[in-house]
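Subject: The structure for you to look at

Hi,

Here is the structure I promised to pass on. Have a look at it first, then read my notes below.

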Amino acid sequence: MDTKYSRVINQYYILSFMFSAGGMSIISAIYASYLINHGLNLFQVNLVNAIFYVTLFTCEIPTGAFADVFGRKASFVVACSLMSLSMVVYGSSSTFAGFVLAEMIGAIGHTFRSGAFQAWLVDSFKYHGYDGQFNHIFGRESVVNKVGGGLGALLGAYLMHYNSTFPWFFAGMTMAVTAIAASTIMKEVYFVRTKLSWKGGLVSMQEIAKSSIKYGVNDKSVRFILLITGFQIFAVQALNMYWQPYFRNNGMSDVHLGYLYNGMMVMLAIGSYLASKFMIRDREGTVIVLLHASVGLLIVCSVIATGNWMMAILFLLHEVPRGCLGPYMDNYIHKRVPSSERATIVSFCSIAHHVGGTIGLLVSGVVAQLYGISTSWIVSGLCLIIGSLVVLKRRK
């Protein structure tokens, strides 16, 4: 690939690795355990995370418009800074209210990154005349993220062994370093800055948000991503939140959970690598739906399997199709939206993720609290299988 593209890709991969290896990945293998150790039950653990999704929903469009008006670089730097603050607040808290505050700060940070970081890459390429596919880039980025995520999770699990607050403070430090790195190496040669006051900027953000929402509502590709994204995140919340207590109840220590998380990252990386190698041009939507169904099938099989080893293997295998989904869905939407509103439209698509995630957390929290984690996983798998078949029938 041409030098002008290679430089941007390398910067993109470096920053993506730093963001994934730091921040959320460091606490990903100890998150639920940390909350449970502070006296929260299964439903309260999900409720704390539901606040995260509600905040995402509230702030997604405005922060996406911020990136379109003030630049993707500024948006990403703000995201890293807020994520750093969120981790520090989390490590300093021991109450439900403190955890909620940290989740809200972290959620706002995530919305500043959502759409903006990928939009920076796509528009940098388009500025230099690139008109090809992006799924191979997003697929490799996903592999980089999984490698970074696995290393971060393992480090966090070991830090948790010495002191439960160490992972949070270390994560905050790494995100601050990422913010400094982004402010130094990110370039926006394509971006034409306009002289706007903050009031004028807010008005411009409002106009972009309105036009992007109108575009999203009327475009069938965006509607498909909205539907499938919300549907997926609703169904997998039980797995995302309860894999730690589930395997902990089956004899795994916190350190072993770190290794299990690395296994999950490896499986996701394999899926992302496969997505980067196999370009699906004409039947992207059908492949995306079938991948969702395979995730559901493997989830159900992992619960009904006999023996801890078989259960763990099937659980890990369900991450492979999940790893394929991200690059395919990112490529699907980025090919179909205009550059001038790219960050806002991608943020608009993320709203389905936040709504589905909030509902999924509340429903799976009630099911797990009343009937157990295994039941909540079976319900999740069946929802994915049945829902995928319904969507596939409608597409045909």
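Is Leu274 buried or exposed, or partly exposed? Leu274 is partly exposed, with a relative accessible area of 33%. Here buried means under 20% relative accessible area, exposed means over 50%, and partly exposed is in between (1.4 Å probe, protein chains only).

Before the rest, a word on the source: this is a predicted model, where local features need pLDDT of at least 70, side-chain atom pairs count only at pLDDT 80 or more, and totals for chains, interfaces and linings use all residues. Residues are numbered from 1 along each chain as its sequence is written, and side-chain values use heavy atoms, with hydrogens and water left out.

Now the overall picture. The chain has 17 helices and zero strands (DSSP runs, H or I of at least four residues for helices and E of at least two for strands, numbered from the N terminus). Of its 396 residues, 59% count as buried. Take the contacts (heavy atoms within 4.5 Å) between residues at least 6 apart in sequence: 87% of them join residues at least 24 apart.

Next, the inside. The largest nonpolar core holds 97 residues, and Leu35, Tyr90, Trp243, Phe247 and Trp377 touch the most other members. A nonpolar core is a set of buried Ala, Val, Leu, Ile, Met, Phe, Trp, Tyr and Cys residues joined through side-chain atoms within 4.5 Å. Helix H11 (residues 220-248) gives this core its largest share, 15 residues. There is also a second, separate core of five residues, with Phe66, Val69, Phe70 and Ala79 among them.

Thr55 is buried, with a relative accessible area of 9%. Setting aside neighbours within four places in sequence, Thr55 is in contact with Met104, Ala107 and Ile108.

Helix H6 (residues 96-113) is worth a look too: this helix has 18 residues and reaches 26 Å from its first C-alpha to its last, close to the 26 Å expected at 1.5 Å a residue (the expected span is 1.5 Å times one less than the number of residues). Buried residues in H6 include Gly98, Phe99, Ala107 and Phe112.

Back to Leu274, which lies in helix H12 (residues 254-277). Together with Val266, Ile270, Tyr273 and Phe278, Leu274 forms a nonpolar patch on the surface.

Happy browsing!

Notes: Patches are made of residues with over 30% relative accessible area and no salt bridge: like charges are joined within 9 Å, nonpolar side chains (Val, Leu, Ile, Met, Phe, Trp, Tyr) within 5 Å. Accessible areas come from the Shrake-Rupley method with a 1.4 Å probe; for residues, only the protein chains shown count as cover. A salt bridge is a side-chain nitrogen of Lys or Arg within 4 Å of a carboxyl oxygen of Asp or Glu.
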